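My plan is to look things up and write down what I find.

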Amino acid sequence: MTSNSPVNSQFLSLHLLETLVAVLPVRDENGSPKSIVYGGAERHMITSQARRRAERVHARDRANAGVGALAGRSTGTRTREWALITGRELEETHGWDREEAIRTARAVIEATGLKFGELSKKTVANLTKVLLFAPSDAGKRIAAHIQEEAGELQSWTVEYLAAQAAAAGKSKKGGRKPADTGTGEGDEPVEDAAAESKLPPLPSKTRAAVLTALAPRDAIDIALYGRFLAEIADSPNVDGAVQSSHAFTVHEAEQVDDFYAAADDAKLNRKKNALDFLDAADDAGAGMTGYQSLITGTFYRHAVLDRVRLRNNLRAAGMSIEEAEEASVAAEEEFVNAFVDAFPEAKRNSTASTGSLPALVLAFEGERPYNYAAAFQTPIDERPPTKDENGGDGPAGPAAVKRLLEHHAFVSERRPDIVLGRVLTYDPQIAKLLTTLGDLGAMPVTTAKELTA
């Protein structure tokens with residue numbers, strides 16, 4: 001922990017239990033629910049990537065709409081379309097011809113160090129090969145610089161594209177040979193490095209302007225979730241302040257393959273109005289049939305906020321100590337709000353999954369992160385409990401709440417750095433249950449904002 005940090009506890013640990021019914025928030029390459037095996041039982045899984053994106057977009061949209069603790073603050077956009085965004089800005093704001101605008105923007109960004117798709121393939125020619133997470137106004141800033149240096153950069157672009165075309169023609173004529181990778185594999189032209197060195201270099205002030213535009217700067221979500229950009233060595237990467245785990249069911253996986261039939265409105269209307277004599281291609285059965293896999297279960301998920309890293313990231317982006325502190329407090333509040341409220345949007349219209357609210361949220365501070373996945377290594381048995389040892393744990397939601405809070409109280413007794421936690425529930429049955437339990441190791445609260453100390 002830095003000496004000038006006002007933070008008392010470095011890590012904020014968040015733990016959440018939520019019950020989902022007949023949903024499909026994430027799928028694998030075959031369209032099936034994702035799963036893991038844990039404690040000898042298959043569990044459904046919602047990946048941390050899906051959750052993080054939902055949380056990041058939730059916070060960004062609220063900030064852009066002037067809502068929440070981050071209202072009006074800068075946020076980032078993760079996309080491959082920075083050349084198109086910059087070109088559109090040149091066209092709409094500065095009056096450039098569309099083709100020339102995109103051509104110039106692509107050349108400038110490519111010469112900075114980012115690789116693009118092949119020019120011969122129109123669908124990817126103006127897209128970077130990797131997603132780049134940068135401040136949302138990066139395209140506007142790059143376009144403004146190109147406009148300021150229009151005379152020089154237009155001439156440079158013509159020279160750059162001509163040299164690039166010549167190099168591509170020479171490479172094609174010479175054929176492709178395996179590059180020496182030390183493994184005997186490779187398919188890059190041996191002349192690539194030499195060809196690149198013959199391209200006219202981007203003017204240094206333009207390269208500096210592009211790097212500044214793409215730098216994380218004061219984008220709060222980049223400071224929170226981080227970014228990695230290997231293609232440009234002198235463009236700063238950010239080690240995010242948020243750590244997220246995959247969510248998994250606290251019991252064995254429960255899945256149903258739901259058969260569905262979609263109606264053909266025109267066909268049904270024809271039958272309803274006795275118009276069967278009309279010539280129709282197919283007059284029998286449903287308009288379309290198929291299967292979709294749906295999952296049900298109570299999930300445990302976990303995330304950690306490193307408060308010191310968040311402040312350091314914002315300081316590295318150019319904020320003063322006071323500015324970084326103010327922004328960090330706001331970012332923490334909005335991060336917790338997003339952790340509680342945000343949900344992946346897959347199948348949202350057919351499952352209403354985004355309306356789910358957690359059964360329990362547990363938050364507490366400590367000198368290190370604490371992951372309580374071990375509390376559910378033994379899967380919850382949802383059979384009704386009995387007086388003998390043959391019964392189960394009962395419904396997964398209440399059973400998971402008991403197990404999580406017992407685990408937390410047990411750990412808290414042995415880890416003096418853990419600060420008294422807070423628990424939030426949106427389930428009245430769980431609220432009643434909390435009053436019957438002993439030491440919760442936490443204090444009940446009624447709003448997500450109260451989960452932060």
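**Overall make-up.** I counted the secondary structure first: the protein has 14 helices and 12 strands. I kept in mind that this is a predicted model. Next I checked burial. Of the 453 residues, 45% count as buried. I then looked up the surface. The protein exposes about 23200 Å², and carbon and sulfur atoms supply 50% of that area. Among contacts with a separation of 6 or more, 73% are between residues 24 or more positions apart.

**Confidence.** I looked up the pLDDT before going into detail. The mean for the protein is 88, and 90% of its residues reach 70 or more. Over residues 1-5 the pLDDT is below 50. That stretch still has 11 contacts in the model beyond near neighbours in sequence. Over residues 177-191 the pLDDT also stays under 50. There the model has 18 contacts beyond four places in sequence.

**Glu365.** Where does Glu365 sit? I found Glu365 in strand β10, which covers residues 360-366. Is Glu365 buried or exposed? Its relative accessible area is 3%, so I noted Glu365 as buried. I then looked for side-chain partners. Arg307 makes a polar contact of 3.2 Å with the side chain of Glu365 through its own side chain. The side chain of Arg422 makes a polar contact of 2.8 Å with that of Glu365. Contacts of Glu365 include Ser9, Phe11 and Leu12. Asp417, Ile418, Val419 and Ala453 are also among them.

**Aromatic pairs.** How many aromatic pairs does a search of the whole structure find? I got seven. One of them joins Tyr38 and Phe248 edge-to-face, 5.4 Å centre to centre with 75° between the planes. Tyr38 lies in strand β2 (residues 35-38) and Phe248 in strand β7 (residues 247-249), so this pair ties together parts that are 210 residues apart in sequence. Phe248 is buried, at 6% relative accessible area.

I moved on to Trp156 and Tyr160. Their rings form a stacked pair, 4.8 Å centre to centre with 25° between the planes. Both residues belong to helix α5 (residues 150-174). They are four residues apart there, so about one helical turn separates them. Trp156 counts as buried at 6% relative accessibility. Tyr160 counts as buried at 4%.

I also traced a cluster. Ring pairs link Tyr38, Phe248, Tyr300 and Phe376.

**Charges over rings.** I checked for these next. The charged end of Arg368 sits over the ring of Tyr370, 4.9 Å from the ring centre. The charged end of Arg414 sits over the ring of Phe410, 3.5 Å from the ring centre.

**Asn337.** My last stop was helix α11 (residues 321-341), where Asn337 lies. Asn337 has 16% relative accessibility, so it counts as buried, the cut-off being under 20%. Which residues does Asn337 contact, leaving aside neighbours within four places in sequence? I noted His58, Arg62 and Ala342. I also looked up Gly68, which is 269 residues from Asn337 along the chain. The C-alpha atoms of Asn337 and Gly68 are separated by 9.0 Å.

Conventions: Residues are numbered from 1 along each chain as its sequence is written. This is a predicted model: local features need pLDDT of at least 70, side-chain atom pairs count only at pLDDT 80 or more; totals for chains, interfaces and linings use all residues. Side-chain values use heavy atoms; hydrogens and water are left out. Helices (H or I, at least four residues) and strands (E, at least two) are DSSP runs, numbered from the N terminus. Buried means under 20% relative accessible area, exposed over 50%, partly exposed in between (1.4 Å probe, protein chains only). A polar contact is a pair of N or O atoms within 3.5 Å; within protein, one must be able to donate a hydrogen and the other to accept it, and residues adjacent in sequence count only if both atoms are side-chain atoms. Contact means heavy atoms within 4.5 Å. Accessible areas come from the Shrake-Rupley method with a 1.4 Å probe; for residues, only the protein chains shown count as cover. Rings of Phe, Tyr and Trp (its six-membered ring) pair if their centres lie within 6.5 Å; planes under 30 degrees apart count as stacked, over 60 as edge-to-face and the rest as tilted. A charge sits over a ring if NZ of Lys or CZ of Arg is within 6 Å of the ring centre and within 35 degrees of the ring normal. pLDDT is the predictor's confidence in each residue, from 0 to 100.
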